[in-house]
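Subject: Handing over a structure

Dear colleague,

I am passing on the structure we spoke of, and I would be glad if you would look through it before reading my notes. What I found follows directly below it.

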Amino acid sequence: MQVPAHFEYERATCVDHAIALLARWGSEARVVAGGHSLIPMMKLRLARPEALIDINDLTDLSYVRLDGDHLVIGAMTRHADLLASALVGEHYPIFHDAERVIADPIVRNRGTVGGSLCQADPSEDLSAAFAAVDASVVIRGPDGTRTVPVREFHVGPYETVVAPGELLTEIRVPVRPGGGSAYQKVERRVGDWAVAAAGVAIWLDGDTVADVGIGLTAVGAPHFHAPEAERALRGVVASAENFAEAGRLAAENCRPSADQRGPVDYKRHLAGELTTRALHRAAARARGLEGRVSTRRRSEAEPRSLRTQRKEG
Ligand SMILES: Cc1cc2nc3c(=O)[nH]c(=O)nc-3n(C[C@H](O)[C@H](O)[C@H](O)COP(=O)(O)OP(=O)(O)OC[C@H]3O[C@@H](n4cnc5c(N)ncnc54)[C@H](O)[C@@H]3O)c2cc1C
């Protein structure tokens, strides 16, 4: 049986209390949200915090709402709540695409959006989705609040800019009219981590790409982001040829590692192909053609694993 090392347990009653507890315990304390990543790491003794600060009573950090021209998501929002949110589906279907293929209902019922970002697993899905939509995160600590673009949030595998004593409290996504977004993932089996995945948010001005955001996961893209492909698309026609070229650039500029999920060439190929597919789907949504395009692509182009994952959602 895997048993964590000894630790003290504190239950925070509000954000200020959590920050006070973090200050009291210092750098050896860790926040526990859903616990789906931290507890297994503690059982394997990969993490040995002296104290766990449980933030599950901070229900005021569980929300999805509009705040002016931003969609704001509390850090304690569960995956299942993001998936169930009509507001999210209306503005950014990319998150529903991604949530349908994150783990399984048990993990989604408990795991949190904030915990997923802070875990900073290199194969984490929401990090790529938030990079695509150019979100920012709000971090609170003893010295106040700061806001950090999500494209600067991750500083390495399992590392973020959240310092000891700080708490991620909110994710802010700018809402802009006329866009479309989509997420495409290949996994070895339903509920598994990505072999590779790509997320896109696109805004069209007629047939021209007015703006675009592209996120990648599991393929070593710095900050889960594909800036070269984005730059190539801005101001050009939203055509199959240009989407394929953006996919090629995304593949060229990522740095996958070979592991049990596949060799480097395969992952690089997926990064390009999934970027191109996500661009097509996001553009179809921006044009209001979602049903027609997704039906065609499902029957003609998607590998079996992509069809399987939809059934699960
Ligand atoms: C079987 C299984 C399958 C999975 N499959 C996928 C998948 O396909 N795709 C995917 O993306 N993820 C997947 N996951 C990961 C899962 O989505 C995340 O582990 C989980 O949701 C992380 O969130 P949590 O709330 O459980 O975080 P916790 O485990 O509680 O915490 C994770 C880390 O974040 C820190 N933390 C948490 N909240 C905060 C906060 N508000 N401020 C500062 N630090 C914080 C903790 O201290 C800890 O270091 C899977 C997990 C499991 C167990």
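Ala 12 touches His 17, Ala 18, Leu 21, Ile 53, Asp 54, Ile 55, Asp 57 and Leu 58, if residues up to four places away in sequence are left out of the count. Please keep in mind here, and throughout, that this is a predicted model. Ala 12 itself sits in the loop between β1 (8-11) and α1, and one of its contacts, Asp 57, is 45 residues away in sequence although the two C-alpha atoms are 6.8 Å apart in space. Is Ala 12 buried or exposed? Ala 12 has 20 other C-beta atoms within 10 Å, and because 20 or more is the cut-off for a buried residue, Ala 12 counts as buried.

Turning to the sheet, there are 5 strands in an open arrangement, in the order β4-β5-β10-β6-β7, and the pairing is antiparallel. The edges are taken by β4 (64-67) and β7 (144-149), each of which has a single partner strand, so one side of each is left without a neighbour in the sheet. From one strand to the next, the twist averages 25 degrees. Helix α1 (residues 15-25) packs on this sheet, where α1 touches β6 (136-141) and β10 (167-174), and the direction of α1 makes about 130 degrees with that of β10.

On to the next pairing, β5 and β10 are antiparallel over 5 bridges, and the bridge partner of Leu 71 in β10 is Val 173.

As for the division of the chain, the domain assignment gives domain 1 (8-54), domain 2 (59-174) and domain 3 (179-312). The centres of domain 2 and domain 3, taken over C-alpha atoms, are separated by 20 Å, and 23 residues of domain 2 are in contact with 24 residues of domain 3. On the side of domain 2 that touches domain 3, the elements giving two or more residues are α5 (93-100) and α8 (125-132), and the largest share, 6 residues, comes from α8. That side of domain 2 has, by class, 12 nonpolar, 3 polar and 8 charged residues.

Finally, there is a helix pair to look at: the axes of α10 (residues 240-253) and α11 (residues 264-286) come within 7 Å and cross at roughly 145 degrees, and the crossing in which α10 passes α11 is right-handed. From α10, the residues in this contact are Phe 243, Ala 244, Ala 246, Gly 247, Arg 248, Ala 250 and Ala 251, and they meet residues of α11 that include Arg 268, His 269, Ala 271, Gly 272, Glu 273 and Leu 279. By class, the residues of the contact between α10 and α11 divide into 7 nonpolar, 6 polar and 3 charged.

With best wishes

Note on methods:
Residues numbered from 1 in each chain as written. Predicted model: local features only at pLDDT ≥ 70, side-chain atom pairs only at ≥ 80, totals over all residues. Domains from an automatic or database assignment. Contact = placed C-beta atoms within 7 Å. Helix = DSSP H or I, 4+ residues; strand = E, 2+ residues; numbered from the N terminus. Nonpolar A, V, L, I, M, F, W, Y, C, P; charged D, E, K, R; others polar. Pairing = 2+ DSSP bridges. Axes fitted to C-alpha atoms, helices over the stretch in contact; angles between N-to-C directions. Buried ≥ 20, exposed ≤ 12 C-beta atoms within 10 Å, placed from the backbone. Left-handed = near helix turned anticlockwise from the far one by under 90°.
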